[in-house]
Amino acid sequence: MGKNAKKKPAAPETQPDKQPEHRDDTDEGPAVLATKATAKADSDGPITLAIDIGGTGIKAMVIDAKGNPLGERLRVPTPRPATPQAILACIKGLLPKIPFDRVSVGFPGVVVNGVTKTAPNLHKQWADFSLQQALTDLTGRPSRALNDAGVQGLGVISSAGTELVLTLGTGMGFALYVGGRYVPNVEMAHHPFRKGFTYEDYIGNAARLKVGNRKWNTRVLRVIEQLQKTFNPDVIYLGGGNSARLRGELPVGVRRVDNVAGLLGGIALWR
Ligand code: BGC
């Protein structure tokens, strides 16, 4: 048992995700959500508990092998300080009553071999934290962890050519795939963009709140243009709760994706 095992914070109240119309939550868009329970699991394959750890909310959903949601998608606000211990307590509170075979988690930072290295919008304690192992210990099931944007893309890419995922949430998520293969942990969010700002400084949620939606909208388009010039992708998939706030037509080659993909990609993690 780890040294933190003594302290057991009470598991937070969980609630089905009801998608209120207005809220300052960057992890959800008003669009999307598959919260309806499907009648029966696909009995041919394993059941996955898919978790998405965000800077604003932690989401969990159980899905069958075909990606059909089994039961409601639950969400709790990300605790502050967002230490590993506090977040694991939240996940404990989100564990479903129905049985599951394995756990997939999308994490908002660099993840190498199931170990978290950075978590710019969570807490320093995530440096070298064995998230995969901690989830296995918590659930008694095999677990896999990957960067959140990386997981999201696995749920939507066509696996042809160069594909990018850009997520607009608390932070800026970025994932690169070449012929369907994920190039791990390309942290464009923290790359300089302009005037001493990183990409995330420029279009993260803090920037949006500071400069307002209109200006932020223009900024996002500038970022997209720069990413297109830099990576020459076949397609950029745009996700994250704030993507629903973008107004106007999206540039050619850019497609908005359903936020639930962040969880559905959890199946692809096991391929
Ligand atoms: C992190 C990324 C993450 C993104 C979205 C950034 O601050 O560096 O790893 O994907 O936020 O959560």
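In helix H1 (residues 84-94) of this predicted model, the buried residues are Ile87, Cys90 and Ile91. A residue is called buried if 20 or more other C-beta atoms lie within 10 Å of its own, exposed if 12 or fewer do, and partly exposed in between, with C-beta atoms placed from the backbone. Viewed down the axis of H1, the buried residues fall within an arc of 100°, so they line one face of the helix. The arc is taken from the directions that lead from the helix axis to the C-beta atoms. These buried residues of H1 pack against strand E2 (48-53), strand E3 (57-63), strand E4 (74-77) and helix H2 (131-139). Helices (H or I, at least four residues) and strands (E, at least two) are DSSP runs, numbered from the N terminus.

Residue numbers start from 1 along each chain, as its sequence is written. Because the model is predicted, local features need pLDDT of at least 70 and side-chain atom pairs count only at pLDDT 80 or more, while totals for chains, interfaces and linings use all residues.

**The chain as a whole**

The protein chain has seven helices and 16 strands. Of its 271 residues, 45% are buried. Two residues are in contact if their C-beta atoms, placed from the backbone, lie within 7 Å. Among contacts between residues at least 6 apart in sequence, 62% join residues at least 24 apart.

Six of the six residues of E2 are buried, so E2 is largely enclosed by the rest of the structure. Thr48, Ala50 and Asp52 are buried on one side, and Leu49, Ile51 and Ile53 are buried on the other, which leaves both faces of E2 covered. In a regular strand the side chains alternate between the two faces of the sheet.

Strands count as paired if DSSP finds at least two bridges between them. E2 and E3 form a hairpin with three residues between them. Strand E5 (residues 102-107) pairs with E2 in the parallel sense. Ala50 stands opposite Met61 in E3 and opposite Ser104 in E5.

| Strand pair | Bridges | Sense |
|---|---|---|
| E2 and E3 | six bridges | antiparallel |
| E2 and E5 | five bridges | parallel |
| E7 and E8 | two bridges | antiparallel |

**A three-stranded sheet**

An open sheet of three strands runs in the order E6-E7-E8, with antiparallel pairing. Strand E6 (111-112) and strand E8 (129-130) are at the edges with a single partner strand each, so one side of each has no neighbour in the sheet. In the pairing of E7 (residues 115-116) with E8, Thr116 stands opposite Phe129.

**Around the ligand**

The ligand has 17 residues around it, and Pro108, Pro120, Gly171, Gly173 and Ala189 come nearest.

Helix H3 (148-154) and strand E11 (172-178) each supply at least two residues of the shell. Domain 1 (15-151) and domain 2 (152-261) each contribute at least three; the domain bounds come from an automatic or database domain assignment.

**Arg194**

Arg194 lies in strand E13 (residues 192-194). Arg194 counts as partly exposed because there are 13 C-beta neighbours inside 10 Å. The C-alpha atoms of Arg194 and Val223 are separated by 9.9 Å, with the two residues 29 apart along the chain.

How values were computed. Near = placed C-beta within 6 Å.
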